[in-house]
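Here are my notes on the model, in numbered points. I hope they are handy while you look through it.

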Amino acid sequence: MIKIAIAGVGNCASALIQGLHYYGGDAAPDCAGLMHADIGGWRPQDIDIVAAFDIDVRKVGRPLREAVFAPPNCALVFCPDLPRASVKVSMAPLLDGVAEHMADYPDSQAFRPSGEPPVDVAKVLKASGAQVLLSYLPVGSEAAARHYAQACLDAGVAFINCAPVFIASDPAWAARFKAAGLPILGDDIKSQLGATIVHRMLSRLFGERGVVIDRTYQLNTGGNTDFLNMLARERLRSKKISKTRAVTSQIAQDIAADNVHIGPSDYVPWQKDNKICFIRIEGRGFGDVPLEMDLKLSVQDSPNSAGVVIDLIRLARIARDQGLGGPLEAPCAYYMKHPPQQMNDEMARSLTVEFIRQAQRQAETV
């Protein structure tokens, strides 16, 4: 089994945990929705959650199978009957994990911190036998993200950083994980088919077809705690950098900062976990003739993330077994918005698939 711990029992954790059970049964025999059914001999049903951390009073101390459905979670429920397990949610260090403005919103929409004393994360990781820690921390949780990264180093655990805090892409942190012989994958998860990957592919398509991009924007609305959290604009610096570079790295020519706007737009409570994205690209084609494109994409945000994370967990275990420390550059570039090294998605996918093939060949010879 691949033993994992989860930091942040929010909507993304809910979708992932539902997905692990869903794909572990016979509900989806064709594996629709999975990017890779098998990675190095590991399948979704081989993932076992052995620890979980959160700060919300409605989740701390509760069985994980119940906590994933507790408010303010609003992810789509597609697998309601989760198996019983012994894992209970531990109280995490609060640090900067909760934005102050959440106190102004109803209990059903916002975080409500527990008064329980926090656990020692590294000790819990060691005691649980976790091999990989998955960070689903809120945007702007800079201190909390680094706390978990340090706990991974102290406990000898691989780290998957889904949050837009620069750890895998920070040379100093990357060097520390490499020296410790621990894999790290980050930073800031790309959804399986979300705003970032669609915007990247369209931007690259324009360049490959000889169309110059003059201006572009990406606006997103949603009603989950991620969007509520991002109303605090002071927490958005890393997120804005991450999303913007993810797209501009694929634009063939230099583009002025004033001509690019990529980031969240607003919080719409009734949308719940439904994220709606609006992309506009303005360019010039043959003879400098104007060309404009507008696109609307509507997705369930958290399952869209889980489809990627289920791959990353297995890649982290494979890398750990192979003694690979530090960032896995191709998987980071393929699955993350702000990797240590940006690549075009075709190259990143090709290199990642080759990494998976090598792992599968090794698994077949064991």
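1. Along the principal axes, the C-alpha atoms fill a box of roughly 65 × 55 × 45 Å.

2. A word on the ground rules: this is a predicted model, where local features need pLDDT of at least 70 and side-chain atom pairs count only at pLDDT 80 or more, while totals for chains, interfaces and linings use all residues. Residues are numbered from 1 along each chain as its sequence is written, and side-chain values use heavy atoms, leaving out hydrogens and water.

3. The chain holds 11 helices and 11 strands (DSSP runs numbered from the N terminus: H or I of at least four residues for helices, E of at least two for strands). Of its 366 residues, 57% are buried (under 20% relative accessible area; exposed is over 50%, partly exposed in between, with a 1.4 Å probe and protein chains only).

4. Do look at strand β1 (residues 2-7): 5 of its 6 residues are buried, so it is largely enclosed by the rest of the structure. β1 pairs in the parallel sense with β2 (residues 47-54) over 6 bridges (pairing needs at least two DSSP bridges), and Ile2 has Ile47 as its bridge partner there. β1 also runs parallel to β4 (residues 132-135), joined by 4 bridges, with Ala7 opposite Ser135.

5. Gly115 sits in the loop between β3 (89-91) and α3 (121-128). Gly115 is exposed, at 78% relative accessible area.
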